[in-house]
Structure formats: structure tokens, C-alpha cells
Amino acid sequence: DLCQSNEIQVILLRCPIYNLAKNAENEELFQNIKEGRFAHIEFLDLSAFPLSNSDFSDKTHLNKHGAQKLSTWFNVMVQEGM
């Protein structure tokens with residue numbers, strides 16, 4: 001509400017997910033929450049962003065190589081007006 005009253009656009013971002021197939025067990029819950037509470041907010045799903053397992057430092061964080069790949073792509077998208 002605060003962002004909306006100040007004309008600030010909110011975009012939710014889902015980061016790349018390590019070994020995407022193994023995280024499917026929580027997908028239904030995730031989708032229910034997203035649609036139930038945040039349906040009015042733009043959502044950018046990068047869970048399947050094309051990275052290799054070697055681009056992650058652990059199961060929840062990118063390493064510097066993965067971060068560079070994602071940041072470079074994201075920067076281009078922002079410059080192009082997403």
C-alpha cells in the first residue's frame with residue numbers, strides 16, 4: 001500500500017533455483033501463496049534461468065560466475081525496458 005500510494009512499482013523476483021526438479025515439492029504451496037496474496041504484483045520468475053550447477057556456491061546462492069551471468073542478462077533487460 002505504501003509503495004502504491006507513492007507510485008512505486010513493486011516487482012517480485014524469483015531467483016534461479018539449483019537443480020530445479022528437486023524443488024518441485026513446494027511448487028504448489030508457492031503458487032497458492034503467490035496467487036492468493038500477491039496476484040496484483042508483477043512477478044518475474046527466473047527459477048529456470050539457464051545456469052549450470054557450477055554457477056551456484058550452494059543450493060540457494062549463486063557464485064560469482066552465476067551472479068555475473070544473471071546480472072549481465074538482467075542489466076540488458078532493464079536497459080531495454082523489460
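Which residues line the largest pocket?

Modeller: This is a predicted model, in which local features need pLDDT of at least 70 and side-chain atom pairs count only at pLDDT 80 or more, while totals for chains, interfaces and linings use all residues. Residues are numbered from 1 along each chain as its sequence is written, and side-chain values use heavy atoms, with hydrogens and water left out.

The largest pocket is lined by Asp1, Cys3, Gln4, Ile8, Gln9, Val10, His40, Ile41 and Glu42. A pocket here is an open set of points on a 1 Å grid over the protein atoms alone, where a 1.4 Å probe fits and protein lies on both sides within 12 Å along at least five of seven lines, and lining residues have an atom within 4 Å of a point. The space in the largest pocket comes to about 200 Å³, a volume being the space filled by probe spheres set on grid points that are joined across faces, edges and corners. Sorted by class, the lining has four nonpolar, three polar and two charged residues, where Ala, Val, Leu, Ile, Met, Phe, Trp, Tyr, Cys and Pro count as nonpolar, Asp, Glu, Lys and Arg as charged, and the others, Gly among them, as polar.

Glutamate 7, for its part, is found in the loop between helix H1 (2-5) and S1; helices (H or I, at least four residues) and strands (E, at least two) are DSSP runs numbered from the N terminus. Although glutamate 7 is not a glycine, its phi is positive, at about 55°. With a relative accessible area of 77%, glutamate 7 is exposed, on a scale where buried means under 20%, exposed over 50% and partly exposed in between, with a 1.4 Å probe and protein chains only.

Aspartate 55, by contrast, is buried, with a relative accessible area of 3%, and lies in the loop between S2 and H3. Leaving aside neighbours within four places in sequence, aspartate 55 is in contact (heavy atoms within 4.5 Å) with Leu62, Asn63, His65, Gly66 and Lys69.
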